[in-house]
Amino acid sequence: MCGIVGYVGARAAAPVLLEGLQRLEYRGYDSAGIALLDDFSLNVRKTAGRVARLRQLVPDGLAATLGIAHTRWATHGPPTEVNAHPHVDAGGRIAVVHNGVIDNATALRNELTAAGVRLVSETDSEVLAHLIALTSARTLESAVRQALRQVDGTFGLLVVDARRPGEIVAARRGSPVVLGIGDHEMLVASDTAALVRHTQQVVYLDDDELAVVRPDEFRTGTLDDRRTTKHLTVIEAPAGDDVLGDHTDFMHKEMHEQVDAVDRCVRGRLDENAATARLDGLRLDPRQCRMIQRVTLIGCGSAYYAGQIGANLIEDLARIPARAEPASEFRYRNPVVDPDTLYIAVSQSGETHDTLAAVRELQRKGANVVGVVNNVSSSIARACGAGVFLHAGTEMSVAATKSFTTMVVAFALIAVKLGRVRDLPATRAAALITALRLLPGQIETVLKQEDDIAEIVRRYRDARHLFYVGRVRGWPVAREGAQKLKEISYLHAEAYQAGELKHGPLALITPQMPTVAIVPDDDLVARNLATIEEIKARGGPVIAVTSARLPAGLADATIEVPATEPALDPVLPSVGLQVLAWCWAHQLGREVDRPRNLAKSVTVE
């Protein structure tokens with residue numbers, strides 16, 4: 001969600017901050033702002049719009065060598081200039097940028113108003129600037145500590161004081177903050193993407209930790225003023241993930257990168273000799289694998305749907321009861337935690353707030369939790385300490401494509417590993433390993449149908465409502481496909497289990513309501529064909545996504561995908577549905593990479 005960047009050093013701060021914000025645009029935002037400190041005064045510029053607009057508002061040649069900047073995803077108050085960050089206290093001395101949510105903001109606003117403070121925005125974040133300014137502390141570090149003792153909620157926070165032009169104070173609780181260690185300069189950000197152009201040495205703040213950052217040093221401690229010792233982590237420099245090349249947008253680029261992403265995900269992890277998967281990162285030996293009695297997968301959005309596919313794979317291949325749950329619900333329902341259950345936290349960013357909160361609750365109750373994430377240095381990866389890294393590469397578009405596909409592939413690897421210490425025959429495991437090796441080429445085959453899929457969209461472009469239906473393995477594929485269409489085209493789409501269509505939703509079928517039917521070439525083909533017949537009998541057009549040979553004329557349009565091992569049936573239709581959603585959004589003129597109201601890394605509730 002919101003992006004944070006801070007800089008203190010010898011260079012002009014504005015270009016560094018604006019570049020950092022631009023590299024965080026993929027997270028999703030609706031306003032942006034910057035505060036530069038020069039000659040003991042703050043220069044604040046804000047806009048309800050994109051970073052490109054903010055860049056126009058910042059004069060060239062500013063000498064300021066310290067500043068903080070922010071991209072905001074609205075939570076409290078609409079996306080307006082006055083609600084944009086940074087927020088400044090009444091005296092114009094303290095400036096803050098804040099990710100997270102202040103739960104007791106209303107009470108704090110009332111207290112500040114009663115004390116004569118004039119609040120100018122509708123945000124929860126503004127109260128932080130006033131609380132810090134009103135303390136009697138002699139240092140900015142102490143002032144931030146005192147203010148945060150009054151705060152309930154989450155924060156990734158940067159603070160500057162016009163009276164102290166050589167330092168930034170950062171604090172974290174529930175929202176990521178990372179320090180970048182440069183040569184006589186320091187950077188602070190909510191995501192390493194904003195830092196890697198300048199340094200590969202970083203330090204991650206932990207929850208309830210604060211840092212004082214100066215050009216040549218940093219110091220960390222807890223919010224209750226106990227010093228902490230941090231260790232440098234070296235991160236990889238970017239490998240062109242932020243360059244579009246010949247593609248119109250990042251979603252299109254990342255769909256096509258799935259060929260290489262899946263290859264990276266399986267490379268070195270397939271053991272043909274033993275017909276199993278090597279996943280040393282799980283830190284589970286064969287005896288521990290056999291002790292697992294159940295598996296619960298937790299995630300949000302596309303990660304949750306990938307988890308549903310993963311649960312099916314684990315039950316099918318390993319014969320272990322498995323289920324997927326949305327992390328946003330799991331963390332609140334006081335779940336029974338079983339020591340014999342393996343919990344798998346799934347997240348592209350590794351920073352998803354609900355999933356991270358669920359991980360911490362599970363660990364408090366003694367559960368064994370591993371992560372399936374795309375960012376090895378993320379909060380979830382570090383909290384779990386064990387898991388499977390996706391190797392998908394940076395995903396700039398809000399819509400998950402290569403991260404979703406590699407999640408499913410990772411679950412197939414986990415299922416094979418767990419299955420081979422139980423009753424999964426070597427012959428079937430070997431067939432799955434062969435199928436996994438063939439997937440990259442098969443994905444490329446699906447992607448080559450873009451022009452044909454675009455023609456299907458042209459036929460139904462005027463539709464405003466769609467159904468997506470599937471059975472068993474196809475059901476989470478339908479859910480993910482419907483979500484893709486909703487989030488980037490803004491069309492209404494609902495997913496149903498195919499067998500449930502006649503228990504109510506069939507009443508909505510009309511010639512203006514297309515249905516996208518997931519029809520793998522499996523033992524349920526006959527049942528899926530019967531569902532299509534029911535839809536056709538009521539005049540509804542059908543777009544079939546299938547690896548089966550359908551009766552001529554049954555479907556009004558067909559997206560053909562190659563046949564694979566039945567357990568892997570969800571992968572290739574999902575790619576076809578990504579292309580379908582992209583073509584639909586593209587033809588409707590949507591901003592595909594940054595759909596309205598959404599964010600890539602969801603770090604608030």
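Is E185 buried or exposed? Select E185 and see: E185 is buried, with a relative accessible area of 10%. Remember as you go that this is a predicted model.

**Stop 1: a bridge across the sequence.** R11 sits in the loop between β1 (3–8) and α1 (13–23), while E185 sits in the loop between β9 (178–181) and β10 (186–189). The two are 174 residues apart. R11 is partly exposed, at 36% relative accessibility.

**Stop 2: helix to strand.** Now select E141 and R219. A salt bridge joins their side chains at 2.4 Å, N to O. E141 lies in helix α5 (residues 140–148) and R219 in strand β13 (residues 217–222), so the pair ties together parts that are 78 residues apart in sequence. E141 is buried, at 9% relative accessible area. R219 is partly exposed, at 28%.

The whole structure holds 34 salt bridges.

Stop 3: Most residues other than glycine have a negative phi, and most peptide bonds are trans. Go to D208, in the loop between β11 (201–204) and β12 (209–214). D208 is not a glycine, yet its phi is positive, about 60°. Next, pick R283, in the loop between β16 (276–277) and α8 (286–291). R283 also has a positive phi, about 55°. R283 is exposed, with a relative accessible area of 63%.

Finish at H85 and P86. A cis peptide bond joins them, with omega about 0°. Look for P86 in the loop between β4 (66–72) and β5 (87–88).

Technical notes
Residues numbered from 1 in each chain as written. Predicted model: local features only at pLDDT ≥ 70, side-chain atom pairs only at ≥ 80, totals over all residues. Heavy atoms only, no water. Helix = DSSP H or I, 4+ residues; strand = E, 2+ residues; numbered from the N terminus. Buried < 20%, exposed > 50% of the residue type's maximum accessible area, 1.4 Å probe, protein only. Salt bridge = Lys/Arg side-chain N within 4 Å of Asp/Glu carboxyl O.
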